[in-house]
Amino acid sequence: MNLPVITWKGEGIDDIEILPNLPHNLLNLLAETNGFILHSGALHVRGATTAPDWHSLRAAWHGTHAFHILYEAVQSSDIPFAQDQVGDQFLTRDCTILRLEAETGEIEPVNDSLEDFFDRVRSDISGFLNVGLSHTMEPGQLLRAVPPFCLQGSADKVSLRPSPATEVILWHAELAKQIRHIPDGEQVEIKWTN
């Protein structure tokens with residue numbers, strides 16, 4: 001697969017047991033490159049590996065902090081194959097590609113197939129994923145937005161800083177859980193504990 005600016009590649013497949021459970025197009029992608037990062041973190045595709053956890057498809061799909069455990073809208077059969085630089089997740093469900101908005105827990109369809117998804121990544125990664133290509137992160141990091149993007153008016157005064165991916169994912173899941181039943185436009189108060 002011809003992809004733009006691969007800045008990190010996963011090592012060889014060591015989680016053989018997960019392979020029969022993957023759709024053929026994802027299996028073929030991982031056979032070619034066992035997960036990768038584009039543009040220093042703009043997009044991370046997980047691999048069929050047992051470690052590190054931040055790169056493990058098994059950990060994201062079946063682990064202690066699997067996305068179907070963290071988010072009510074995610075089904076246990078959804079495969080969380082990738083994430084963008086701020087932790088929004090991309091899932092396969094019946095061959096359709098869905099985006100899980102990490103801060104709110106909302107799910108929306110983005111493509112009809114994995115091939116369409118990567119065609120759009122190739123043609124306009126920053127526009128399609130709504131990411132900035134000027135941010136540089138180390139493998140295993142995501143950008144934490146303070147205040148969260150989902151808060152009205154926060155986009156123009158947001159601070160983005162690289163943080164460990166697991167911390168950002170758990171923070172987003174907790175935020176989504178706490179604001180799930182708050183109507184749009186309602187005021188919220190966020191207390192920072194760290």
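This is a predicted model: local features need pLDDT of at least 70, side-chain atom pairs count only at pLDDT 80 or more; totals for chains, interfaces and linings use all residues.
1. Seven strands form an open sheet in the order 1-2-3-4-5-6-7, and their pairing is antiparallel. Strand 1 (6–9) and strand 7 (106–111) are the edge strands; each has a single partner strand, so one side of each is left without a neighbour in the sheet. On average, neighbouring strands of this sheet are turned by 25° against each other, with direction ignored.

2. The pairing at strand 7. Strand 6 (residues 96–101) and strand 7 run antiparallel and are joined by five bridges. Ile97 has Asn111 of strand 7 as its bridge partner.

3. Cis peptide bonds. Pro52 belongs to the loop between strand 3 (43–45) and helix 2 (57–62). A cis peptide bond also joins Val146 and Pro147, where omega is about -5°. Pro147 is placed in the loop between strand 8 (141–146) and strand 9 (159–164).

4. Positive phi values. A negative phi is found in most residues other than glycine. Ser40, which is not a glycine, has a positive phi near 55°. Ser40 sits in the loop between strand 2 (36–38) and strand 3, and its relative accessibility of 22% makes it partly exposed. Asn130, likewise not a glycine, has a positive phi of about 60°. The loop between helix 4 (114–129) and strand 8 contains Asn130. Is Asn130 buried or exposed? With a relative accessible area of 68%, Asn130 is exposed, because the cut-off for that class is over 50%.

5. The aromatic pairs. Phe67 and Tyr71 are both buried. In the pair of Phe117 and Phe118, the ring centres are 5.1 Å apart and the planes stand at 85°, so this pair is edge-to-face. Phe117 is buried, at a relative accessible area of 0%, and Phe118 is buried with a value of 0%.

6. The aromatic cluster. Which residues do ring pairs link into a cluster? The cluster consists of Phe36, Phe81, Phe90, Phe117, Phe118 and Phe128.

Definitions and conventions:
Residues are numbered from 1 along each chain as its sequence is written. Side-chain values use heavy atoms; hydrogens and water are left out. Two strands pair if DSSP finds at least two bridges between them. Helices (H or I, at least four residues) and strands (E, at least two) are DSSP runs, numbered from the N terminus. Axes are lines fitted to C-alpha atoms, for helices over the stretch in contact, and angles run from 0 to 180 degrees between N-to-C directions. Buried means under 20% relative accessible area, exposed over 50%, partly exposed in between (1.4 Å probe, protein chains only). Rings of Phe, Tyr and Trp (its six-membered ring) pair if their centres lie within 6.5 Å; planes under 30 degrees apart count as stacked, over 60 as edge-to-face and the rest as tilted.
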